[in-house]
Amino acid sequence: MPLMKGGEGPARSDERIDFLFAVAREPMLILEPGETLSDSRITDCNQEALNLFGYRRASFVGLPLSRVEVPGAGGEAVPAEATSGEARYRRSDGQVLIVERTFQRVESDGRELLLVSMHDVTAARLLERAVVRVQQMDNLGMVSGTLVHDFRNLLVSVLANAELALAAPDDAEAVRERVEDIARSARRATELVDRVLPSSTGDQPLVPLDLDSVVDDAVELMRGSLPANITLERSVHEEPLPIAGDATQLRQVVMNLVINACEAIGDAPGTVRVGTGMVAASEVDLTGAYPPLSERAEQWVYLDVADSGAGVDSATRERIFEPLFTTKSDGTGLGLTAVQFAVRRHGGTVTLHSEPGEGSSFRILFPVDES
Ligand SMILES: Nc1ncnc2c1ncn2[C@@H]1O[C@H](COP(=O)(O)OP(=O)(O)OP(=O)(O)O)[C@@H](O)[C@H]1O
Ligand SMILES: [Mg+2]
């Protein structure tokens, strides 16, 4: 971009940056380079960047880049020349952002700064991973082939639009239209997950079963493949725990919860406790239970999955069951969506107790099967 060539006087560079901010439809940041890229401080940005990251200007400008990076990033050198590549950041609500970014050295008031222009590819990348995940679930007989097919079509449309937008970066109007198309496809994909997942195993009827033995099966299936730093504790309940259930779907629930628990623990030693039992309605705290219940059983059968991991902050908690919501760089945000749909289908609900740094405890409640 010849506009940004340095050495033409500091005052003019600033005007040019202002001008660029005013005309650009893509998010842009100005960084003051630090020791590493993560140490570099955000000194200015345009409105699009504030929208993308979900911040107000006053709390965004001045932050080191590390504050919006996903955990584990960092250490990267400040790019010397114009470079581009893909990177992951975090919105103020914890959601992962995947962007294609381009760095450009600029000069302002005699200072060497970095101009970062960004292109949000989150929807496209998440859809790619969602397709893989849906295919894995398909292999397990969890979803119908139609969903995989529809998903793939949406993905093709997202990728085609992304390619077209990238091919004409200077045509702001064309880029905008493509991005709007991408957002539309992503929304449709979300609705699709919403609509299709609950009925995906609908052809397997709910039958009387003992939750304890289903959970045992799932735990034994997983035990061999858990990382060595994780201790999996299973507290067994002596009495049968009768519910009307779909064993395949319930095993999937256990697996999704245990996988999340392990991921929340990370590489440090930690414990995942899987417990089952029966509890009277009067002893259950249903504050914040999701989905809300239309009928309340007298007796509940519960499944607890508790971990000693990172815990959940309030921003994450608000969106935790949202399809495609993820704070992980390699997550799809479909794990708890699948859990939630399964639980809904079983007439149950989920409660979550968690504080940042103090682990999380998910409790799934199922109505007792009286038949
Ligand atoms: N046990 C937990 N401890 C802390 N945070 C959790 C826990 N379980 C879920 N979360 C949070 O909820 C988000 C959504 O979880 P979900 O299982 O739906 O998707 P994911 O784990 O990110 O992706 P995927 O399940 O596809 O790998 C996670 O990204 C994480 O931020
Ligand atoms: Mg998950």
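## Report on the predicted chain

The chain contains 10 helices and 12 strands, taken as DSSP runs numbered from the N terminus (helices: H or I, at least four residues; strands: E, at least two). The model is predicted, so that local features need pLDDT of at least 70 and side-chain atom pairs count only at pLDDT 80 or more, whereas totals for chains, interfaces and linings use all residues. Residues are numbered from 1 along each chain as its sequence is written, and side-chain values use heavy atoms, with hydrogens and water left out.

Of the 371 residues in the chain, 46% are buried, meaning under 20% relative accessible area with a 1.4 Å probe, protein chains only. The accessible surface comes to about 17800 Å², and carbon and sulfur atoms account for 49% of that surface; areas come from the Shrake-Rupley method with a 1.4 Å probe. Among contacts (heavy atoms within 4.5 Å) between residues at least 6 apart in sequence, 66% join residues at least 24 apart.

The number of disulfides is zero, a disulfide being a pair of cysteine sulfur atoms within 2.5 Å.

| Residue | Relative accessible area |
|---|---|
| Cys 45 | 1% |
| Cys 262 | 10% |
| Gln 95 | 11% |

Gln 95 is placed in the loop between β3 (83-90) and β4 (96-108). Leaving aside residues up to four places away in sequence, Gln 95 touches Tyr 89, Arg 90, Arg 319, Leu 324, Phe 325 and Thr 326. With Thr 326, the side chain of Gln 95 reaches the backbone nitrogen at 2.9 Å.

Definitions and conventions. Chains are lettered from A and ligands numbered from 1 in the order in which they are written. Buried means under 20% relative accessible area, exposed over 50%, partly exposed in between (1.4 Å probe, protein chains only). A polar contact is a pair of N or O atoms within 3.5 Å; within protein, one must be able to donate a hydrogen and the other to accept it, and residues adjacent in sequence count only if both atoms are side-chain atoms.
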